[in-house]
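Hello,

Here is the structure I promised to pass on to you. Have a look at it first, and then read my notes below.

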Amino acid sequence: MQPTILTLERVVLLGYSFYGDPFTQSAGWTEENEIGRLWQRFMKFWEIEGKENPSLSDRYWYEIHTDTPETTEKGFFDVFVGAESSNMDGSIPGPLYKVLPTGDYALFTLKGKDIFGDWFQSMMEKWLPDAGLKQRFPMLIQRYDDRFKGMDRIDESELDILVPVLRNEA
Amino acid sequence: MKPDPYQIEAVCRAIDRFESSLREDCSVQNMADAACYSLFHFCRVFASVTHLTPYQYMLRRRLAQAALDLQATDENISRIALDCCFNSPETFSRAFNRYFGMLPSRWRSDTPHPSSLIMPAFDYALLDLLHNDLTVIENPDPPPGRLYGIMNPGDFDDLERMLRMITGKDDPVWFVRWYPGELPGEWFSFVGFERSPETEGLASIDLPHGGWSAIEMQGGTLDLAEILLQHVVLADRVPVMPIEYAVKIQNRVMALNLNELTDSV
């Protein structure tokens, strides 16, 4: 799969974070595990406070996985779920700010049931090397917008994956 | 979503990788590599196949190995902790206590323990049974309060044939394995009928009220059912609770944990 290269300026996100073993309760794409509960928490915030706040945008929802030293050893992940914020003025108590570092990102768009597959393996072993790219640091971004129709309509859905990249030295 | 055979095979490769180096450093990433999956996808698939996360599995198997070492050797506890990849004796003792409900020193002094408490390595047969031939029964009706039959210390051996010979009955037979808490490491096997066959000399056993857990499985032994109940169906119970009664009638296997006896109706 060929990526599109996006150069992102500093993107500020506001949302919630989880660190640990994400599948202790359930392994599916479901609300019954730690990531599902993170989304529930964020959506509750959005309904009550977020959607009325002019500094926040619902253009995209982000789910960001960042590896830590314990990721390879224990399978613990840092997961953040949130939306874009136009500032970091700290006016909204509770949720956290996260900044996507400036730089190049490879954008892949997954469609239908491929969303559930092991696309990360394909991306690391084939898609990025074939495009002369390598991951710049261990962060993976799932970016949802209105093309994602939900788990019950996965065949009609699309999901953007962004990964920070560097060009391989020739 | 039900895992497919390829996913079960991949998880078994990962488990083999871990089990072959249980006393050495083996990371979740090593297991993912053996399964040929990316780490995050592997964690998801592993949990869907085993009902445990990879790290939970590693931890429980290392604790199981440590429990066996405590029973079988005189090695000091700190050495066993390090041999089973725990960073320190304190970390080990806390994890052991959380899982088994007692400190390692107490486990050793109370030896022996029911083997069903020691989580075995999962294999393809167990995982295949779990996903294809096993149903967890929510809120099962409890077994009958009293059964009539014959009992032996130890295993079932020839009890069913003997019971049928003595009584001449071909009614459905209940198999009961009873682990008396006051006799650690010992168990009794009972085979009997729900209704008294009015044969002289039969024993009766009263099954307690409480929170029975049940599964239905096509094939498999009572031993395997106990493992699945103890370590998969009831896996999120902390600490692991010994089964006091394991009961099988046709395809249905039920178990009552010691700590649930207080939930009597």
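Leaving aside neighbours within four places in sequence, A:F42 is in contact with A:G15, A:Y16, A:V81 and A:G82. Please keep in mind as you read that this is a predicted model. To find A:F42, look in helix α1 of chain A, which covers residues 34–48. Is A:F42 buried or exposed? With 23 other C-beta atoms within 10 Å, where 20 or more are needed, A:F42 is buried. A:S17 is 25 residues away from A:F42 along the chain, and the C-alpha atoms of the two are separated by 9.4 Å.

Next, the place where the two chains meet. Here 16 residues of chain A are in contact with 17 residues of chain B. On the chain A side, α2 (69–74) and α3 (119–130) each supply at least two of the residues that touch chain B. The largest share comes from α2(A), with 4 residues. Sorted by class, this side of chain A has 5 nonpolar, 7 polar and 4 charged residues.

Two packed helices are described by the angle between their axes and the distance between the axes. Helix α1 (residues 5–19) and helix α2 (residues 28–35) of chain B pack at an angle of about 135 degrees, and their axes are 7 Å apart. That angle makes α1(B) oblique to α2(B). The crossing in which α1(B) passes α2(B) is right-handed. From α1(B), the residues making the contact are B:A10, B:V11, B:R13, B:A14, B:R17 and B:F18, while α2(B) brings B:N30, B:M31, B:A32, B:A34 and B:A35. By class, this contact has 8 nonpolar, 1 polar and 2 charged residues.

What about α2(B) and α3(B)? Their axes come within 9 Å and cross at roughly 85 degrees, which makes α2(B) roughly perpendicular to α3(B). Here α2(B) uses B:V28, B:Q29, B:M31, B:A32 and B:A35, and α3(B) uses B:L39, B:F42 and B:C43. The residues of this contact divide into 7 nonpolar, 1 polar and no charged.

Several of these names come back in the largest nonpolar core, which has 89 residues. Which of them touch the most other members? They are B:V11, B:A14, B:M31, B:A35, B:F42 and B:L228. Helix α3 of chain B (residues 39–50) gives the most to this core, with 8 residues. Apart from this core lies another, of 17 residues, including B:A64, B:L70, B:C84 and B:F100. As for B:L228, not counting residues up to four places away in sequence, it touches B:L130, B:L134, B:I215 and B:V233.

B:L103 is partly exposed, with 14 other C-beta atoms within 10 Å. Not counting residues up to four places away in sequence, B:L103 touches B:S93, B:F96 and B:N97. Of these, B:S93 is 10 residues from B:L103 along the chain, with 6.1 Å between their C-alpha atoms.

I hope you enjoy looking through it.

Best wishes

How values were computed: Residues are numbered from 1 along each chain as its sequence is written. Chains are lettered from A and ligands numbered from 1 in the order in which they are written. This is a predicted model: local features need pLDDT of at least 70, side-chain atom pairs count only at pLDDT 80 or more; totals for chains, interfaces and linings use all residues. A nonpolar core is a set of buried Ala, Val, Leu, Ile, Met, Phe, Trp, Tyr and Cys residues joined through C-beta atoms within 7 Å. A residue is buried if 20 or more other C-beta atoms lie within 10 Å of its own, exposed if 12 or fewer, and partly exposed in between; C-beta atoms are placed from the backbone. Two residues are in contact if their C-beta atoms, placed from the backbone, lie within 7 Å. Axes are lines fitted to C-alpha atoms, for helices over the stretch in contact, and angles run from 0 to 180 degrees between N-to-C directions. Angles under 35 degrees count as roughly parallel, over 145 as roughly antiparallel, 65 to 115 as roughly perpendicular and the rest as oblique. A crossing is left-handed if the near helix is turned anticlockwise from the far one by less than a right angle, and right-handed if clockwise. Ala, Val, Leu, Ile, Met, Phe, Trp, Tyr, Cys and Pro count as nonpolar, Asp, Glu, Lys and Arg as charged, and the others, Gly among them, as polar.
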